[in-house]
Amino acid sequence: MIVPLAAPAARLFDAGLGALEPRPLRDPLDVWADRASLVVLTLLSAVVIATLGDYGLTYDEEPHIRYGERVLEFYTGGFRASHLVRGSSYGAAFDLLAALVRRISPWDAYRTNHVLCAFVAELGLLGTWRLGRLVAGPLGGLLGLSFLVLTPVYYGHQFNNPKDIPFATGYVWGLYFIARLAMAASRSGRDTLASLGGRRFWVWLALALALGMCVRVGGAMLIGYLLLFVALVTLERAWIESRSAARELWPVWLGTLLSIAGGWLLLLASWPRLLLDPVHGPQSAIETVSKYKAYDSPTLLAGRSIPSQKVPWDYLPTYFAIQLPELTTACFVLGVALVSALSVWALARRRRQPWGWLLLVLAVLLPPAYAIVRGSTLYNGLRHFLFIIPPLAVLAGAFAALLLRAAARHGRVWLGLALGVLGLFGADQVWALYRTHPHQHAFFNRASGGLARAIDRYETEYYGAVYQELGDKLVREVWAKRRDEYLSRTFLVAGCGSNLFFKRNLPQNFQFTAMRNAGNADYYVTYARDGCLKRFRDRELVTSVQRDGGTLGVARDMKRRARAGASARAR
Amino acid sequence: MALWATLLGVAPLPIWFLVQVAIAPPAAWRGEYRPREASGPGAPAVAFERQLARYWDRNERLVPGGADPNAFSARWQACMRVEQARDVPVMLVANGAASFALDGAELLRLPPKNTRRSAGAVLHFPPGLHLLSVELDSAGWPSIALQASFDGGPPAPIGSGRVSPGVSITPPGPGTSPCSEP
């Protein structure tokens, strides 16, 4: 009985392995997908420009604006490094570029930062599309791009996160070039370079590696992936073909090593700390980041407040499970299972590995696994791991593309059904992006109970972006109800978080005062972090920012007691 | 395909940004700055300020041209055209001695105190070209804003789109307004 059952299974595995192969672009679905990708990218461009001003500043921005100015002074002032420049564990490329753009910008530092951040994010979307297209054809590119854009927690960060989004962009481009190299070297041997488009490829690879490392030094893991995959491809060729076939890859090794050296030099040139001390600088930066203990504030997980240096192993998996759209997670998990099974099958059958797919699996799973095993300091939910969402979306999209192609082979009904499911998912997520705008970073999926259930139980609005909308609403309320006073006095405002949230989001007649003086303040204005929504609930609610039934921020009148029942409703 | 994707998906944002840079309104306020202790003769540092409303609006630190940022006095002037007679709520906020004058007549004044204070009134603007003048005498971290409500909403800084610095950077003679029709 084993043989008849095994044969169909073997055919299925062979067909599956075949489906992971790079594809010729002649399928009508692929032609349609390429056109649709251009439409999606164009629409995104327009939406980004139209909504850029809606996104408020975040607490990460001010230190990076200051850092960028100091770095610019370093390069233009005879390489004299301030303490901040000498000691920073962050690469300076984005902040330096932002400082340069500020010199010509007609807007303030934050809005200018948002323009650059959105631009870098668009480069990341482009990289995601290209990675998906490389691994799973045009349909994979379209679906990978769509899965990423329809992930609200990622979408929202694209406008005002000067660290995690540039890093995510560098990471996805690094993966794209590594995947191209591994896939080409696995099949082409001596002609690898020609199939990659010539020597310019190594320049692009070096740039992508530098881009991946120039914001967070952790991007050096791309070098690890690169060396690992070139080594594995070399071993595969020796094992499947011959040792001489493996030896044909020496130009690939040479180009790889030169690209790494080039990328490293670019990194040194753009990062003063490394430039001043090329030997110890990188090492100490990596040590600082990987053993980050400078920050230990409470973070939320399922209603429990936990020190960020002692988060349990399921902190990251939980946040990914509840903040990614359900279909994205399902496609990703099934994609990982499929690639793993087919990889084992290929190994057993002495067949070529699906290197592009395997790289995606590694690129998504390894960083959080490392953080979990190492017990890294974690807070702000999955923010520090936003960089794995583009490859995760690509893998999910690539798996969905496989399903769609399989459905197309079974007839129009199946194809229509599959397209219907994806269309419903897309429409639902676009609606979620619209509903939560511009606070998409605080999205929680339906399965978790949504944002309303996450407030006070998980990290929701931790970034301070809500203060822009909240400040505008408060000012309008005060102007409408206290007009005579408005013109002739200043109002004291207390609240949680950086005083920058108040100084930059309120006009000058609203003056920030520290929380210890909150009793003397006219208004208490706060976001959802650190249990701050629970304070002063006995004071009258002036206005609030709500999304999906959850309160992201409130403003309360400190001089007026809330009427009975009103405070309960405002929760 | 990659080229098209780049052109459609990435290029529009920097192009849009550069267009914004190119079409940004010209300098709106004419600023005169002098060190606070200087009481004798001497020309003040003069600059046309394109971004003044930004300091007034977003609490960015005021950087007076050439003067000590922690102790200086300043005077900003601009011309504003009003098409139809209207009443406009105007307010001045500052943490030093400050005043606001319309066509040479001082209408709002803040005493020299270290705390931030504000003064405001609903002012009548007859049709025509008006000279707005704001003065600040600051010690310590300066903070000042002139805000007005032209649309019924909360007062906002009077930005580059509404005013112009007049025809010349040279100070007007006594009794004459720098504002004149272009």
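Which residue stands opposite B:Trp29 in strand 2 of chain B? In this predicted model, where local features need pLDDT of at least 70, side-chain atom pairs count only at pLDDT 80 or more, and totals for chains, interfaces and linings use all residues, that residue is B:Glu49. Residues are numbered from 1 along each chain as its sequence is written, while chains are lettered from A and ligands numbered from 1 in the order in which they are written.

Helices (H or I, at least four residues) and strands (E, at least two) are DSSP runs, numbered from the N terminus. Two strands are taken to pair if DSSP finds at least two bridges between them. Strand 1 (residues 29–35) of chain B pairs with strand 2 (residues 45–49) of chain B in the antiparallel sense, over five bridges. A residue is buried if 20 or more other C-beta atoms, placed from the backbone, lie within 10 Å of its own. Six of the seven residues of strand 1 of chain B are buried, so this strand is largely enclosed by the rest of the structure.

Chain B also holds an open sheet of four antiparallel strands in the order 7-4-9-10. Its edge strands, each pairing on one side only, are strand 7 (117–125) and strand 10 (156–157). Nine bridges join strand 4 (residues 86–94) of chain B to strand 7 of chain B, and B:Ala94 stands opposite B:Arg117 in strand 7.

In helix 1 (residues 2–9) of chain B, the residues B:Ala5, B:Leu8 and B:Gly9 are buried. Seen down the helix axis, the buried residues fall within an arc of 85 degrees (taken from the directions from the axis to the C-beta atoms), so they line one face of the helix. These residues pack against helix 2 (28–51) and helix 6 of chain A.

Buried residues of helix 3 include A:Tyr67, A:Leu72 and A:Phe74. The buried residues of this helix pack against helix 4 (83–87), helix 5 (93–102), helix 6 (109–149) and helix 14 (272–276) of chain A. Just after helix 3, A:Gly78 takes a positive phi of about 75 degrees.

Note on methods
A residue is buried if 20 or more other C-beta atoms lie within 10 Å of its own, exposed if 12 or fewer, and partly exposed in between; C-beta atoms are placed from the backbone. Two residues are in contact if their C-beta atoms, placed from the backbone, lie within 7 Å.
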